[in-house]
Amino acid sequence: MSSRSRRFEGDSRRDERWTHRDGSREPRREPRWRRQDDDWRRDDRRRGDARQPQRRGWDDDYNPRRHNRFETDARRHASISRDTSPPRRREARHAFGSSEEAPKWQQIEWGKQITGRDATVDSILALFETYGERFEPRNLSTAAHRVAKKARRRSVSNKRQMADLAAACVRRVKDFNSQDFANTVWAFATAGISAPELFDAVTFEVLPRLGEFNSQGLANTAWAFAKLDVEAPHLFDAIAAETIPRLATFNSQEFANTVWAFATAGVEAPESFFEAIVSEALSRLSEFNSQELANTAWAFATA
C-alpha cells in the first residue's frame with residue numbers, strides 16, 4: 001500500500017469520528033469523556049492497544065473504559081445480591097449450624113472480647129455458647145483460663161456451659177500447643193470442674209510432646225492433674241524425667257507446685273527427682289515465700 005493510500009485511509013478513519021447519524025460530516029464539539037481521555041487514547045494508539053474503539057460509526061459516546069467498569073460493577077453486584085446482610089449478622093445466623101473455623105480477623109476480635117477488662121464469666125460463656133463451634137484452639141483455652149481466673153474465689157455456677165467447653169476442647173485437642181494444654185487443664189482444676197474425657201485426651205496428646213513445654217507448663221500440668229485427683233502415673237513419670245534437666249529454669253512457685261503435685265498424687269517418683277529438686281532449691285530458698293516454703297516442706301514430708 002502506497003503512502004498516499006495510507007494517508008487517505010487514515011484521513012477517512014479520522015473523519016468517521018465526525019460522521020453524524022444523518023450522514024452529515026459537519027464538525028461538532030467532542031464529548032466530555034473524549035476530551036478528558038485524550039491522553040490515554042493517544043497512548044493507546046502509540047502502543048497499538050486494542051481497547052480503543054474501532055469504527056464505531058454514529059455511536060460516538062461509546063467509552064470502552066467506562067463500559068468495562070460498569071460491566072465489572074454489574075457482575076460484582078450480581079454475585080453478592082443474594083445476601084446483602086452484614087457479615088456479623090450472617091456469621092451469627094450460621095454459627096449454630098457450622099463447625100468451620102472462623103477467619104483470623106474474627107478470632108482476634110473474639111480474643112479481645114474474652115480478655116477485655118469488661119469481660120465477665122457470664123459474658124465469656126455467652127460468647128462461647130454463640131460462637132464456640134468456630135473458636136480456634138487458642139480462644140478455647142483462653143476462654144477456659146479467663147473463666148477460671150475470674151471465678152477463682154467462687155465456683156462456676158453454669159456447669160452445663162463448662163461441660164460444653166470441655167467437649168469443644170476435646171474435639172480440638174489435637175490442634176493445641178503446649179500453652180493451650182497447660183492453660184486448659186489449669187483452668188478446669190482451678191474451677192474445680194471434673195472433665196475426665198478432657199484429661200484423658202490431654203494425657204494421650206501430651207505424653208509425646210512434653211519437650212515443647214516450658215517450666216511453667218510442666219508445673220501447672222502436674223498441679224492440675226493432682227488437684228482433680230486424676231490418675232496418670234505415666235504422665236507424672238514423663239514430667240519427672242523432663243523436669244530434672246531443666247530445674248535451673250524453675251522459679252520458686254514452680255518448685256513448690258511440682259513437689260506438691262507429686263506428693264498429692266501419691267506417685268512414686270524416682271529418688272533422683274527429689275534429690276535434684278533439693279540440691280537446686282537449697283541455694284534458692286530466699287526466693288520462696290511463706291506459702292511456697294510450707295507447701296514444699298509438706299510435700300517432702302508426705303512423699
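Visitor: What does pLDDT stand for here, and over which stretch from residue 5 does it stay under 50?

Guide: pLDDT is the predictor's confidence in each residue, from 0 to 100. This is a predicted model, in which local features need pLDDT of at least 70, side-chain atom pairs count only at pLDDT 80 or more, and totals for chains, interfaces and linings use all residues. Residues are numbered from 1 along each chain as its sequence is written, and side-chain values use heavy atoms, with hydrogens and water left out. With contact meaning heavy atoms within 4.5 Å, the model has 2 contacts beyond four places in sequence for the stretch under 50, residues 5–11.

Visitor: How many contacts beyond near neighbours in sequence does the stretch 54–60 have?

Guide: The pLDDT is below 50 here too. Where pLDDT is low, the predicted coordinates should not be read in detail. For residues 54–60 the model's count is 12.

Visitor: Is Q161 buried or exposed?

Guide: Q161 lies in helix α9 (residues 159–171). Buried means under 20% relative accessible area, exposed over 50%, and partly exposed in between (1.4 Å probe, protein chains only). Because its relative accessible area is 8%, Q161 is buried.

Visitor: Which residues does Q161 contact, leaving aside neighbours within four places in sequence?

Guide: Q161 sits in helix α9. Beyond those neighbours, its contacts are L125, F128 and E129.

How values were computed. Helices (H or I, at least four residues) and strands (E, at least two) are DSSP runs, numbered from the N terminus.
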